[in-house]
Amino acid sequence: MSPISTSRNYSIATIPADGIGPEVISAGVCVLEKLSSLSGTFSLSFHSYDWSSETYKKTGAYIPHDGLDKLKQHDAILFGAVGAPDVPDHISLWGLRLSICQPLQQYANVRPTKIFRGTSSPLRNVSPGDLDWVIIRENSEGEYAGQGGRSHRGQLWETATEVAVFTRHAIERIMRFAFETAKKRGRGKGGKGKLTVVTKSNAQRNGMVLWDEVAVEVGKEFPGVEVDKMLVDAMTCRMVLDPKSIDTIVATNLHADILSDLAASLAGSIGIAPTSNLDPTRANPSMFEPIHGSAFDITGKGVANPVATFWTAAEMLTWLGEEEGAARLMEAVENVTESGVCTRDLGGKAGTKEVTEAVCSELEKLFADKEQAWLA
Ligand SMILES: NC(=O)c1ccc[n+]([C@@H]2O[C@H](COP(=O)([O-])OP(=O)(O)OC[C@H]3O[C@@H](n4cnc5c(N)ncnc54)[C@H](O)[C@@H]3O)[C@@H](O)[C@H]2O)c1
């Protein structure tokens, strides 16, 4: 089934999963329902799947045998977070999240970051507009290819390998996606796009050198896009010291995973940043999730920041073709942060519920203003 529906009714699979996942996903569903009812131009139907670490502990599996077939029947997937204190992280991540992304070929992981109005960066002299990036993460192989093994367990000579896999096919497709993203954003010289290719090709002399070579080859298809190349360690310094010099970044599965947590924190909090796991061919539904994890330390306290899930929901709507609804949702969220209604990770005092209610009220106001303008 194609993720784009012509009737503008969208079927969304939700997988709240663990920790604060259920709290932020129910907040996300709440604002999406409010938005679709106010807009009247599209509708969403949600189907929730209770695949979580609790399910794993009860049944021995995160996803039932026909789970992926069920997901394929939806237009998009809205995911919370997976991870529980009593399940090893490699079991939970591979059991749920990677078991969806990899078989559904969601090879492009897209992670935008910006400073919202009314919030501040921990960096000095950096204001909204100075930090506005998108990180493109290769999402199907690399350091998370699942290749490797352990032998001689418990012996002094115990051995483990974690083999990073880089194929020309996967590098080419993510590089092309990154160049297209940079071009569409239109920053850099002459507004034709700006892309930074991040590798570690001084120390990792095979896979990372292939990345650099493919970047040069694919770059020839995008002559206007300004390209530069950074080693990942130096990139962390540039992100902190010269954020204005960056626009679109492309990096491997591991490097971009780390850089995007840094990016979110530099923009104010990991509680605001979204992720899209896209199958750009649209053969499979894409999956949308906040960047953050299940946050055991704040689970059940009602203080989780729902903004990352709201931005995630907006990215999902954009992917489904509902750009206007997505823009309205982001406007409402930023009006709310600007008004000072924020959770404590952003320096505020509000809880998840208050922020969600404030965004719903702001949506009502925006739609009422639009109606008035139309009548006038
Ligand atoms: N995509 C995923 O499902 C995903 C991603 C990262 C981590 N995890 C898992 O989550 C668990 C906890 O991992 P972690 O502690 O490294 O990362 P985490 O993102 O869960 O938490 C890191 C810190 O950020 C805070 N935080 C996170 N989200 C927040 C929000 N919305 N509002 C306010 N504060 C927020 C937490 O309270 C914590 O102090 C582990 O099991 C890990 O494997 C899952």
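In which sense do strands S4 and S5 pair, and over how many bridges? The views below come from a predicted model.

**View 1. Strand S5 and its pairing with S4 and S10.** Strand S4 (residues 108-114) pairs with S5 (residues 132-138) in the antiparallel sense, over seven bridges. Lysine 114 stands opposite aspartate 132 of S5. S5 and strand S10 (residues 248-251) run parallel and are joined by four bridges. Isoleucine 135 has isoleucine 249 in S10 as its bridge partner. S5 is mostly covered, with six of its seven residues buried.

**View 2. Helix H10 and the helices it packs against.** H10 covers residues 323-338, and its end C-alpha atoms are 22 Å apart; this agrees with the 22 Å that its 16 residues should span at 1.5 Å a residue. The buried residues of H10 include Gly325, Arg328, Leu329, Glu334 and Asn335. Buried residues of H10 pack against helix H1 (21-39), helix H9 (307-320) and helix H11 (352-375). Just after H10, glycine 340 takes a positive phi of about 95°.

**View 3. The contact of helices H1 and H11.** The axes of H1 and H11 are 10 Å apart and the helices pack at an angle of about 10°. Because angles under 35 degrees count as roughly parallel, H1 is roughly parallel to H11. H1 contributes Glu23, Ala27, Cys30, Val31, Lys34, Leu35 and Leu38 to the contact. From H11 come Thr352, Thr356, Val359, Cys360, Leu363, Glu364 and Phe367. By class, the contact has nine nonpolar, two polar and three charged residues.

Notes: Residues numbered from 1 in each chain as written. Predicted model: local features only at pLDDT ≥ 70, side-chain atom pairs only at ≥ 80, totals over all residues. Helix = DSSP H or I, 4+ residues; strand = E, 2+ residues; numbered from the N terminus. Expected span 1.5 Å × (residues − 1). Buried ≥ 20, exposed ≤ 12 C-beta atoms within 10 Å, placed from the backbone. Contact = placed C-beta atoms within 7 Å. Axes fitted to C-alpha atoms, helices over the stretch in contact; angles between N-to-C directions. Parallel < 35°, antiparallel > 145°, perpendicular 65-115°, else oblique. Nonpolar A, V, L, I, M, F, W, Y, C, P; charged D, E, K, R; others polar. Pairing = 2+ DSSP bridges.
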